[in-house]
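Visitor: I am new to protein models. Could you take me through this one, question by question?

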Amino acid sequence: MILPIVTYPNKILKTVSAPVTEFDEALHRFLDDMYDTMMLSNGIGLAAIQVANPIRALILCIPDEEGNQSRDRLIEIINPVIHNPKGTTLYQEGCLSVPGFYEDVERYESLTLHYQDRFGNPCLLEAEELLSIAIQHEIDHLDGKLFIEKLSYNRRKKFEKEYKRAQKEKK
Ligand code: Y12
Ligand code: CO
């Protein structure tokens, strides 16, 4: 099932999501729906709150070197905690909840992620480059934060003006 994606400035996106406690069939169905929704929208990452479900779950599907995404590249991440963040890197980020807008954001270069899979099994992932950036972007969603909040005052002002104009043009 394709789920509607919540877009900025909807206040739902400010919700701090709650830990997942039930690793049941309903969670599995929801994760499958998140995957279908993300793939249809050409995304590489999606947090549950972006489809209006305030639970600490996110999915990632980072393309291979040829730019191909396939289900075997899917990573489902539940109740994530970042350890050992190292270095900094700049990357031009985009977000399905902020359509049409891309900006450079500073993130940790690498990190270790502790999380659970869809069955509640504990997992560990060493992440760098795009995977590390995507993990940080999506965990921010779980904490009610968007990448535009990391912009400088002037870049944020410019964004608000351009985004409002684009929204009006869509109507
Ligand atoms: C690096 C930086 C950010 C992330 C988070 C995941 N972000 C996305 O998956 C963004 C997807 C996206 C897709 C769009 O649609 C198309 O390209 C057709 C898009 O464009 C519009 O909505 C107009 C914007 C963002 C991971 C890694
Ligand atoms: Co996003």
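Visitor: Leaving aside neighbours within four places in sequence, which residues is Ser97 in contact with?
Guide: This model is predicted: local features need pLDDT of at least 70, side-chain atom pairs count only at pLDDT 80 or more, and totals for chains, interfaces and linings use all residues, while side-chain values use heavy atoms, without hydrogens and water. Residues are numbered from 1 along each chain as its sequence is written, and chains are lettered from A and ligands numbered from 1 in the order in which they are written. Contact means heavy atoms within 4.5 Å. By that rule Ser97 is in contact with Ile5, Val6, Thr7, Tyr8, Leu13, Gln50 and Tyr163.

Visitor: Is Ser97 buried or exposed?
Guide: Buried means under 20% relative accessible area, exposed over 50%, and partly exposed in between (1.4 Å probe, protein chains only). Ser97 has a relative accessible area of 0%, so Ser97 is buried.

Visitor: Which backbone oxygen does the side chain of Ser97 reach?
Guide: Ser97 sits in the loop between S3 and S4. Helices (H or I, at least four residues) and strands (E, at least two) are DSSP runs, numbered from the N terminus. At 2.8 Å, the side chain of Ser97 reaches the backbone oxygen of Val6.

Visitor: Which side chains make polar contacts with the side chain of Glu160?
Guide: Glu160 belongs to helix H3, residues 153-170. A polar contact is a pair of N or O atoms within 3.5 Å; within protein, one must be able to donate a hydrogen and the other to accept it, and residues adjacent in sequence count only if both atoms are side-chain atoms. At 2.9 Å the side chain of Glu160 has such a contact with Arg156. At 2.5 Å it has one with Tyr8.

Visitor: Is Arg118 buried or exposed?
Guide: Arg118 lies in the loop between S4 and S5. The relative accessible area of Arg118 is 14%, so Arg118 is buried.

Visitor: How many bridges pair S4 and S5?
Guide: Two strands pair if DSSP finds at least two bridges between them. S4 covers residues 103-116 and S5 covers 122-128. They pair in the antiparallel sense, over seven bridges.

Visitor: Which residue in the turn of the S4 and S5 hairpin has a positive phi?
Guide: Five residues lie between the two strands of this hairpin. A phi of about 90° belongs to Gly120.

Visitor: Which polar backbone atom is 2.7 Å from an oxygen atom of ligand 1?
Guide: A backbone N or O atom of Gly94 lies 3.0 Å from a nitrogen atom of ligand 1. For Gly45, a backbone N or O atom lies 3.4 Å from an oxygen atom of the ligand. The polar backbone atom at 2.7 Å from a ligand oxygen belongs to Ile44.
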